[in-house]
Amino acid sequence: MCAHVLVAEDDAMQAELIRRSLLAEGHTATVVHDGAAALDAVRRNRPDLVVLDLMLPVVDGFGVCRVLRRDDDIPVLMLTARAGEDDVLLGLELGADDYMTKPYSPRELMARIRTVLRRSGRAEADRRDDPVVRAAGLAVDPQRHEVRCAGEPVECTPAEFQILLAMAAEPERVFSRRQLLQCTRGFDRASTERAIDVHIMNLRRKIEADPRRPVRLLTVFGVGYKLSGGHA
């Protein structure tokens with residue numbers, strides 16, 4: 001089951017841990033850090049599930065859940081350090097599909113996400129016919145393990161494929177070398193952060209008209225790389 005999950009978590013380290021766990025499970029993820037951004041991301045990206053922290057700035061998780069339940073039927077899994085019974089009951093009354101208190105184990109979180117997706121049937125219904133992630137003129141198919149650029153097939157190594165899949169799921173997001181290295185774990189065990197530069201160079205040869213002047217796979221100096229072009 002390949003799903004697109006919106007992670008709304010104001011703790012950057014927690015959000016990154018969840019994102020990595022989702023990628024390891026074969027999902028794609030969008031990460032936001034406040035409630036207003038979460039509602040905007042739902043409207044723009046139509047995720048299959050929202051992992052929603054309650055203690056969000058701007059609009060808290062309860063407020064986000066109220067709007068989602070008024071306007072949509074997207075499954076919601078709430079996360080919070082507030083373990084009081086009243087908070088749990090309020091979250092469930094607002095329509096949350098599941099509720100986890102911090103601290104939690106990433107393995108349990110992924111198991112809960114699988115259960116909610118399976119119960120909702122949303123991922124299968126939305127992605128049975130078209131599981132492809134599209135951005136910047138690229139089409140990355142996680143089921144067939146295929147990449148196309150402007151309609152033409154692109155041969156990628158497993159590590160290159162995982163890098164493109166992660167970046168296509170979040171176009172315009174800047175990924176550090178360390179973050180991209182995490183995407184290749186299990187496929188490129190001997191890789192180092194500097195090896196990511198080699199993967200990027202090779203990918204540019206494959207997806208850029210002029211690899212020396214890239215327009216898709218861009219360097220953000222002092223930070224890392226991003227895929228530019230937005231969702232197709």
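A: What follows is a short talk through some parts of this structure.

Q: Before we start, what kind of model is it, and how are residues numbered?
A: This is a predicted model, so to read it carefully note that local features need pLDDT of at least 70 and side-chain atom pairs count only at pLDDT 80 or more, while totals for chains, interfaces and linings use all residues. Residues are numbered from 1 along each chain as its sequence is written, and side-chain values use heavy atoms, with hydrogens and water left out.

Q: OK, in what order do the three strands of the open sheet come?
A: The order is 10-12-11, and the pairing is antiparallel; helices (H or I, at least four residues) and strands (E, at least two) are DSSP runs, numbered from the N terminus, and two strands pair if DSSP finds at least two bridges between them.

Q: And which are the edge strands?
A: They are strand 10 (175-176) and strand 11 (217-220), each of which pairs on one side only.

Q: How many bridges are there between strand 10 and strand 12?
A: Strand 10 pairs with strand 12 (residues 224-227) over two bridges, in the antiparallel sense, and Ser176 stands opposite Gly224 of strand 12.

Q: Switching topic, how many salt bridges does the count come to?
A: The count comes to 17 salt bridges, where a salt bridge is a side-chain nitrogen of Lys or Arg within 4 Å of a carboxyl oxygen of Asp or Glu.

Q: What does Glu9 pair with?
A: Glu9 meets Lys102 in a salt bridge between their side chains, at 2.9 Å from N to O. Glu9 is in the loop between strand 1 (4-8) and helix 1 (12-24), and Lys102 is in the loop between strand 5 (98-101) and helix 5 (106-120), so the pair ties together parts that are 93 residues apart in sequence.

Q: What is the peptide bond from Lys102 to Pro103 like, cis or trans?
A: That bond is cis, with omega near -5°, and Pro103 lies in the loop between strand 5 and helix 5.

Q: Going back to salt bridges, where do Glu16 and Arg19 lie?
A: Both lie in helix 1, three residues apart, which is about one turn of the helix, and their side chains meet in a salt bridge of 2.9 Å, N to O. Glu16 counts as buried at 12% relative accessibility, and Arg19 is buried at 0%.

Q: What about Glu172, which residue does it form a salt bridge with?
A: Glu172 forms a salt bridge with Lys226, the closest N and O atoms being 3.4 Å apart. This pair links distant parts of the chain, with Glu172 in the loop between helix 7 (158-169) and strand 10 and Lys226 in strand 12, 54 residues apart. Glu172 is partly exposed, with a relative accessible area of 36%, and Lys226 is partly exposed at 21%.

Q: What is the phi of Glu172?
A: Glu172 has a positive phi of about 75° although it is not a glycine. His145 also has a positive phi, about 55°, although it is not a glycine, and His145 lies in the loop between strand 7 (138-141) and strand 8 (146-149).

Q: Let's look at helices, so at what angle do helix 7 and helix 8 pack?
A: They pack at an angle of about 120°, with their axes 8 Å apart; axes are lines fitted to C-alpha atoms, for helices over the stretch in contact, and angles run from 0 to 180 degrees between N-to-C directions.

Q: Which residues meet there?
A: Ala159, Gln162, Ile163, Ala166 and Met167 in helix 7 meet Leu180, Cys183 and Thr184 in helix 8, where contact means heavy atoms within 4.5 Å.

Q: Where is Leu180 found, and what is it in contact with?
A: Leu180 is found in helix 8 (residues 177-184) and counts as buried at 0% relative accessibility. Leaving aside its neighbours within four places in sequence, Leu180 is in contact with Ile163, Met167, Phe175, Ile196, Ile200 and Tyr225.

Terms used
Buried < 20%, exposed > 50% of the residue type's maximum accessible area, 1.4 Å probe, protein only.
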